[in-house]
Amino acid sequence: MKLTQKLVLAKAKASDLESVRKLNCWGCNLTDISIFSQMVNIEVLALSANSISCLSPLAGCLSLCELYLRKNTILSLSELCHLRPLTRLRVLCLAENPCCGTDPSRYRLSVLRCLPRLQKLDNQVVTEEELAMALVEGEEVTTPPDSLKHQFPSNGLSDADTENDPQYYTMKETNKIREELGMKPLQREKFSSLSSPSTRETKPPMRKTHTLDAVLLRRRDLALDGSQTHLACADQFVVSELGQLGPQGEVRIHQE
């Protein structure tokens, strides 16, 4: 069943989609929630006990703070990649979906690694210790294949070439992180070994990881909270990952 504008307005008792802040569609047998691409101001959303499998329509709901998706048909944790842009999301309920698997601990750590800003997952408060463990031990949640082509500009290459170009991806990823840390961006010469013909022909798989992004996001939160112990752990992790990309003395974490 497709969630329609008429049904949304009736349930929310609203006159237009933009004015809807809270919506409860529990047990409505929904399969299509594409209408949420038009609901950028939604803050609290209850969609439990439906048949929802795709979360891409929620990627633009930047005001979303609470999301309830218990008892749906979400097959893979990769769908959570669509929730990464939602920087205000603090509460998520995902229990009793196929993507949860049979190992509760593994599932929880993987979700928190993907969405490190969460404060409550499946009605259980997220602790700093648990999050620190998730950033190291949680499994990487990769972007759904259909979404990869929208992640990076073509830069003169075809979508397939850009997606697998290790030099382009490594430079973009590394310089983004270095900028966050107040470091100078590396020049293309640093990656000259990757631009050789032999490397271009073999096209090694690019390093698809969001661990450093997650650590940086959490580092800012820890700095604001004054959590020096976990802040030091995050700094050590970032330095160990970036230290090999430049002169040893070049990597510095700016204290906040």
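**Reading a predicted chain, feature by feature**

Visitor: What does the chain come to in outline, in helices and strands?

Guide: Its secondary structure comes to 9 helices and 6 strands. Of the 256 residues, 43% count as buried. The chain exposes about 13600 Å², and carbon and sulfur atoms supply 51% of that area. Among contacts with a separation of 6 or more, 49% are between residues 24 or more positions apart.

Visitor: In what order do the strands form the sheet?

Guide: Strands of a sheet pair through backbone hydrogen bonds, either parallel or antiparallel. Here the 6 strands form an open sheet in the order E1-E2-E3-E4-E5-E6, and the pairing is mixed. E1 (22-24) and E6 (124-125) stand at the edges; each has a single partner strand, so one side of each is left without a neighbour in the sheet.

Visitor: In which sense do E1 and E2 pair?

Guide: E1 and E2 (residues 44-46) pair in the parallel sense, over 3 bridges. To find one of the pairs, look at Lys22: its bridge partner in E2 is Val44.

Visitor: How many salt bridges are there?

Guide: Side chains of opposite charge can pair when their charged atoms come close. The count here comes to 5 salt bridges. One of them joins Glu43 to Arg21, with the closest N and O atoms 3.9 Å apart. This pair links distant parts of the chain: Glu43 is in the loop between E1 and E2, Arg21 is in the loop between helix H1 (5-12) and E1, and the two are 22 residues apart. Glu43 is partly exposed, with a relative accessible area of 31%.

Visitor: Which residue forms a salt bridge with Glu139?

Guide: Arg106 does, and the closest N and O atoms are 2.4 Å apart. Glu139 lies in the loop between helix H3 (128-137) and helix H4 (145-148), while Arg106 lies in helix H2, so the pair ties together parts that are 33 residues apart in sequence. Glu139 is partly exposed at 37% relative accessibility, and Arg106 is partly exposed at 47%.

Visitor: Are Glu130 and Arg108 buried or exposed?

Guide: Both are buried. They form a salt bridge whose closest N and O atoms are 2.4 Å apart. Glu130 is in helix H3 and Arg108 is in helix H2, 22 residues apart, and here too the pair links distant parts of the chain.

Visitor: How many residues of helix H2 are buried?

Guide: H2 (residues 104-114) is mostly covered, with 8 of its 11 residues buried. The buried residues include Tyr107, Arg108, Leu109 and Cys114. At the N-terminal end, Asp103 caps H2: one of its side-chain oxygens lies 3.2 Å from the backbone nitrogen of Ser105.

Visitor: How many disulfides does the count come to?

Guide: A disulfide is a covalent bond between the sulfur atoms of two cysteines. In this chain the count comes to 0.

Visitor: Which residues have a positive phi?

Guide: Most residues other than glycine have a negative phi, and most peptide bonds are trans. Asn29 has a positive phi of about 60 degrees, although it is not a glycine. Its place is in the loop between E1 and E2, and at 52% relative accessibility it counts as exposed. Lys71 also has a positive phi, near 60 degrees. Lys71 lies in the loop between strand E3 (66-68) and E4, and it is partly exposed, with a relative accessible area of 41%. Lys71 is also linked with Arg70 and Glu96 in a network of salt bridges.

Visitor: With which residues is Asn97 in contact, leaving aside its neighbours within four places in sequence?

Guide: They are Leu69, Arg70, Lys71, Asn72, Thr73 and Ile74. Asn97 lies in the loop between strand E4 (91-93) and H2 and is buried, with a relative accessible area of 5%. Its side chain reaches the backbone nitrogen of Asn72 at 3.2 Å.

How values were computed
Residues numbered from 1 in each chain as written. Predicted model: local features only at pLDDT ≥ 70, side-chain atom pairs only at ≥ 80, totals over all residues. Heavy atoms only, no water. Buried < 20%, exposed > 50% of the residue type's maximum accessible area, 1.4 Å probe, protein only. Helix = DSSP H or I, 4+ residues; strand = E, 2+ residues; numbered from the N terminus. Polar contact = N/O pair within 3.5 Å; in protein donor to acceptor, adjacent residues only side chain to side chain. Pairing = 2+ DSSP bridges. Disulfide = S-S within 2.5 Å. Salt bridge = Lys/Arg side-chain N within 4 Å of Asp/Glu carboxyl O. Contact = heavy atoms within 4.5 Å. Areas by Shrake-Rupley, 256 points an atom, 1.4 Å probe, with all protein chains shown as cover.
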